[in-house]
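Please read it alongside the sequence and the coordinates.

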Amino acid sequence: MRDFLELAVSATASGCVYGLIALAYLLMIRPTGIINFAVGEWAMVAAFGGYVFLTKYELHYLLGMGIVLAFMLVVGWVSERIAVRPLVEKGTAILAPILALLGVLVITREIISISFPPDPLPVPYPFELQHQKYFIIGVTAVVFLGFWAFFEKTLWGKSFEAVALNRRAAALMGINLSRVTAFSFAGGAAVAGLGGLLVSPNISAHYLMGVPLAIQGFTALVIGGVGRVEGALIGGLLLAFAEQLTIRYAPIPSGFAQGVPLLFLMIFLIVRPTGLLRARA
Amino acid sequence: MRWLAAFVALAAAAFFLGDYHNDVYRKMLLWVMLALGYNFLFGICGQIAFSHFAFYGIGAYSVVILLFQLNVPLPLAILLGVAVCVVVALAVAIPSTRLEGFYLALATLALAQLFVVVLNEGGAVTGGTGGIANYRLPPIFGFQLRGPWYTAVIVFVLLMTLWILIKLDRSWFGRACRAVRDNPEAAAAMGIDVARTKVIAFTVTSALAGVAGMTYAFVDNTVNPPIFGLDNAFLLLFMVIVGGSGRHAGAAIGAVLLFLLPFWLSPLVGHHHVLVFGVLMLAAILLQPKGLIGLWDRYSR
Amino acid sequence: MRFLGLVACLLFAGSAFSQTIKIGVITDRVGVSKPYSEPATEGVIFGASEINRRGGVLGRNIELLIEDDQSRPDISAALARKLVDQGAVFILSVSLSPATQQQQTVTMEAKTPQMTPMNSADYLTTQLQNPYFWQTGPLGSTQIATLLAHARSKNFRRVALITDNSELGQAIAKAFRGTLEKAGIQIVADEVVARGATTATPQMQKIRAANPEAMFLAGVLTAENVLIFRAYKELGVKFPIHSSYNLSVPIYETVAKGLIDGITFVDAYDPDKPEAKAFEAAYKKATGKDSVNLHGYGYDGIMLVADAIRRAGSTDKEKIREAMQQTSYAGVMGAKGMKYSFPEGKRAGYDPNGMVVRVYEKDKQGRVVHVGQK
């Protein structure tokens, strides 16, 4: 029983990280329909930022975190301006910005790889090892509550929803489409960055950490559905629980347990691509 | 005719290159083969998939396992290898026809990763993490195909692949594919079976990738899991986009350029040529979506 | 890296003046093997510069032709061919084991001597019967036997095994498994941490539930190993950890601070050995930097090659091959008094009794606690 409780906490913490990445995808998909794979690399950038400000310069955790997140806002905004806006204005198909963002993914990864030594770099915990998981869960809960409230209660949030439902109508109603897009990318980058920062004390900052996170986050998104903010978190939790419970309890050799998230992704894509939660009508 | 001349020219080149350059040449030809098939799937039929390298691997491993572990004669091994690719492709394609754009890409991404997991866990059958080595192409009619002669075989397979793709492209099937790519609803309205078109395109190109894989198995005479990993799948996509998707010449140019680029750039930027790829890709999409072949068209006018 | 550039320039300048002996080096500058390959390559370059300073081999200078295979086996074979075409009489492989394997298909055909001073995969000398290939890196089977000999004094009966899903991690785990089972030790838990995992808690819980007396670590991916250490600490388990030689890579001293005290690991380096001390001093003097155990692999590699060429008396590949097979050489790596040799036509030359077990003391690689397989 003790195992299960410990595992539940661990899976919840991992699920929160996946959920944050999924939220980052969601923030960008909803108003624009663009799937941005670079979220994994953004998480990585934030992790390296954590190394720079927290390990190297040893700033106070909250201050370091604040600087990194502010930086991520800029990164997201810049990415959108370079890779997305010119294409959207030209009126290209949705595919084009998605592919352009793949280019951004690779470029980001290489820039980090050039700027830092190749070995994994340590990022410190804000509290001790034992409490890191609760910290992750706590921060994620705050973030999700914040975004839920944003979309449900505020005017800005509702304009996001309007754009998501019908771009043209939203534009006709006077909503500034490019501003919404810019904010969604900046926000997405910050959320992904937060996820990277929270998970990096565990896995260290290294330049290959982006792609697995991007895939895990996307799987969480597919499971939870793109329609609602809560879906991202639920998807993340389900994925993490499935992964960890399988490793712990399933009587299959652990080598095959790695296949579980991949299998989940394929099954959900084929059977229920819209995810578990439906968008509000 | 032109095909014969092309074959002679490309194959003869192999006899003039040293061992090392021959090796580079062969690998380049294989990449062109993969890019042509991928271009048909992506550029002409509009489907993004990351499983191309998985099928490359399935072809390579199948033929090696069939020939050396099950002792199947070569012609049968080739046919069975193709059959395996077709079966797996159908198994993935048929359920996926309901998926749009990037969702298919994700499913194939998962497939590619699963493939590597299976290879690693495959124990004695796949050689596990070390792969399979220590084999040679069996003599065909008593003639041992080595060196430049084997390169000629690769050229032959490449030209055959190109011929198949061009024929498909110019047929009604090619038109159906383009229609599905540009506007699936309109295509359906015109009476095209969208799902069937997508499945056939995916299966044919994956089978061709498998054939390329079979050819590859005898280039280095080793197959191991790292070769068929995910980074190459991204590279293939970049090649087709930079070269110009939708055009065979574009795919070929993209493959040749991005394959040779690291060799030229090495002295300058060391190993960070991937950065250059990313920049090229971004530049292609932003500035010249028709790719290099689009530039060529413009200037040759 | 600037030092390397300078040395490379010097080597090149030196070689431009006389007919040089070309030695190819295939390393990994970018990929997963970089933490091992880079120091090993630096060791090779340093060794070559020392050799040239003392007059070279057979009166000629060594010229290193260094290629980067980025840990991609498909590139590796092509590079081997390139080196052969360029006239290399010997190829040193300091990249990954599967890359070395790919290179073998080329060197076997081209009848060019090839050696890895570093790779530990057992299959390198067994899968292909290549008389031109030698392996002086410590074999996975030797590692586990040494580790086991040390553990045997503690009389373990039930142990756990954990690794990652990388190619090398799986290979080392396989070697561990075989030897443990043959010694009659029961493996009560056998776990894998996948690359990209965010936690190793479930695996560690499973291990804890099986109640082992010790845990053997075969993983080679740094980030995933750190996950294992964290889970170990978090779950409060106390059984000793015995690790493969991956833990001898110095990066753990920074990235796993506070987590590795007391972990024993098998290594090929005894910091007390006179040759090791001399090497450390010479390296520091020439480059101004501290050396680590990994540099020794490369250094020994190039020294072994030079030694073989000297005894062969020529750069004829066949003569080098025969001379290499007769090697008996004491290098920087290995326990005190160990010599590299290839008895009875074998091609794996690291003395099975030549590894040591060391222990991490606080966060630093500490003293030797056991030698050999007895």
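Predicted model: local features only at pLDDT ≥ 70, side-chain atom pairs only at ≥ 80, totals over all residues.

1. C:Trp134 and C:Phe342 are both buried.

2. How far apart are the ring centres of C:Trp134 and C:Phe342, and at what angle are the planes? The centres are 6.4 Å apart and the planes are at 50 degrees, so the pair counts as tilted.

3. A second tilted pair is made by C:Phe279 and C:Tyr299, with 4.6 Å from centre to centre and 50 degrees between the planes. C:Phe279 is in helix α10 (residues 274-287) of chain C and C:Tyr299 in helix α11 (residues 293-312) of chain C; the two residues are 20 apart, and the pair links distant parts of the chain. C:Phe279 and C:Tyr299 are buried.

4. Over all chains, the count of aromatic pairs is 33. In chain B, one aromatic cluster is formed by B:Trp31, B:Phe53, B:Tyr56 and B:Tyr216.

5. Chain C as a whole has 12 helices and 14 strands. Its radius of gyration is 20 Å, close to the 21 Å that the globule rule gives for 374 residues, so chain C is as compact as a globular protein of that length. Along the principal axes, the C-alpha atoms of chain C fill a box of roughly 65 × 40 × 40 Å.

6. Of the 374 residues of chain C, 67% are buried. Among contacts in chain C with a separation of 6 or more, 69% come from residues 24 or more positions apart. The accessible surface of chain C is about 12600 Å², and carbon and sulfur atoms hold 52% of that area.

7. Chain C carries 44 positive and 37 negative side chains. The centres of these two sets lie 3 Å apart.

8. A:Ser204 is in the loop between α8 (177-203) and α9 (210-224) of chain A, and C:Asn155 is in the loop between α5 (140-152) and β6 (158-164) of chain C.

9. Are A:Ser204 and C:Asn155 buried or exposed? A:Ser204 is buried, at a relative accessible area of 1%, whereas C:Asn155 is exposed, at 56% relative accessibility.

Definitions and conventions:
Residues numbered from 1 in each chain as written. Chains lettered and ligands numbered in written order. Heavy atoms only, no water. Helix = DSSP H or I, 4+ residues; strand = E, 2+ residues; numbered from the N terminus. Rg over C-alpha atoms; globule rule 2.2 N^0.38 Å. Buried < 20%, exposed > 50% of the residue type's maximum accessible area, 1.4 Å probe, protein only. Contact = heavy atoms within 4.5 Å. Areas by Shrake-Rupley, 256 points an atom, 1.4 Å probe, with all protein chains shown as cover. Lys, Arg positive; Asp, Glu negative; His and termini not counted. Charge placed at Lys NZ, Arg CZ, Asp CG, Glu CD. Phe/Tyr/Trp six-rings, centres within 6.5 Å; stacked < 30°, edge-to-face > 60°.
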